[in-house]
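This report goes through one protein model, feature by feature. Please keep the sequence and the structure in view while reading.

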Amino acid sequence: VQLAAFCDVDLTTVREAAAKCAVGDTYTDFAEMFRNHRLDVVSVATPPCVHAEATVAALEAGANVICEKPLAMNPPESERMLAAAKSDC
């Protein structure tokens, strides 16, 4: 596995984590990260209220996604995530 980029809303946290793993690219905005990198896999480890938004954005950017539990806040969010996973984004 080659880690390409880290993203966290806290700049200090993301820089510290990236330094520990020797990852040079850090972001506080996952949309910017997806614009700058073609990622094979994205691990969504955000608060649950952001899971759907981050997962759909990653899928639309062409990445496979590992999302921690709970998957979504409600059925409509999970349905939106599933639709994005099934689409040809």
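## Report on a predicted model

Lys-20 has a relative accessible area of 75%, so this residue counts as exposed, the cut-off being over 50%. The model described here is a predicted one. Lys-20 belongs to helix H1, which covers residues 11–20. Between Lys-20 and His-51 there are 25 Å in space, taken from C-alpha to C-alpha, and the two are 31 residues apart in sequence.

Helix H3 (residues 48–60) packs with helix H4 (residues 75–86), their axes being 9 Å apart at an angle of about 10°. Because angles under 35 degrees count as roughly parallel, H3 and H4 are described as roughly parallel to each other. On the H3 side, the contact is made by His-51, Ala-52, Glu-53, Thr-55, Val-56 and Leu-59. On the H4 side, the contact residues are Glu-77, Arg-80, Met-81, Ala-84 and Ala-85. By type, the residues of this contact of H3 with H4 are six nonpolar, two polar and three charged.

The next topic is aromatic rings. How many aromatic pairs does a search of the whole structure find? The search finds one. This pair joins Phe-30 and Phe-34; the rings are tilted, with 5.9 Å from centre to centre and 50° between the planes. Both residues lie in helix H2 (residues 30–36), where they are four residues apart, about one turn of the helix.

Are Phe-30 and Phe-34 buried or exposed? Phe-30 is buried because its relative accessibility of 19% falls under the 20% cut-off. Phe-34 is buried as well, at 12%. The table sets out the accessibility values given in this report.

| Residue | Relative accessible area | Class |
|---|---|---|
| Lys-20 | 75% | exposed |
| Phe-30 | 19% | buried |
| Phe-34 | 12% | buried |

Phe-30 and Phe-34 are also part of the largest nonpolar core, which has 12 residues. Among the other members are Ala-5, Tyr-27, Met-33, Leu-39, Val-42, Val-44 and Ala-63. At least two residues of this core come from each of H2, strand S3 (41–44) and H3. Leu-39, a member of the core, is in contact with Ala-4, Met-33, Phe-34, Gly-62 and Ala-63, when its neighbours within four places in sequence are left aside.

There is a second, separate core of six residues, including Ala-52, Val-56, Leu-59 and Ala-72. Of these, Ala-52, Val-56 and Leu-59 also take part in the contact of H3 with H4.

Conventions:
Residues are numbered from 1 along each chain as its sequence is written. This is a predicted model: local features need pLDDT of at least 70, side-chain atom pairs count only at pLDDT 80 or more; totals for chains, interfaces and linings use all residues. Side-chain values use heavy atoms; hydrogens and water are left out. Rings of Phe, Tyr and Trp (its six-membered ring) pair if their centres lie within 6.5 Å; planes under 30 degrees apart count as stacked, over 60 as edge-to-face and the rest as tilted. Buried means under 20% relative accessible area, exposed over 50%, partly exposed in between (1.4 Å probe, protein chains only). Axes are lines fitted to C-alpha atoms, for helices over the stretch in contact, and angles run from 0 to 180 degrees between N-to-C directions. Angles under 35 degrees count as roughly parallel, over 145 as roughly antiparallel, 65 to 115 as roughly perpendicular and the rest as oblique. Contact means heavy atoms within 4.5 Å. Ala, Val, Leu, Ile, Met, Phe, Trp, Tyr, Cys and Pro count as nonpolar, Asp, Glu, Lys and Arg as charged, and the others, Gly among them, as polar. A nonpolar core is a set of buried Ala, Val, Leu, Ile, Met, Phe, Trp, Tyr and Cys residues joined through side-chain atoms within 4.5 Å.
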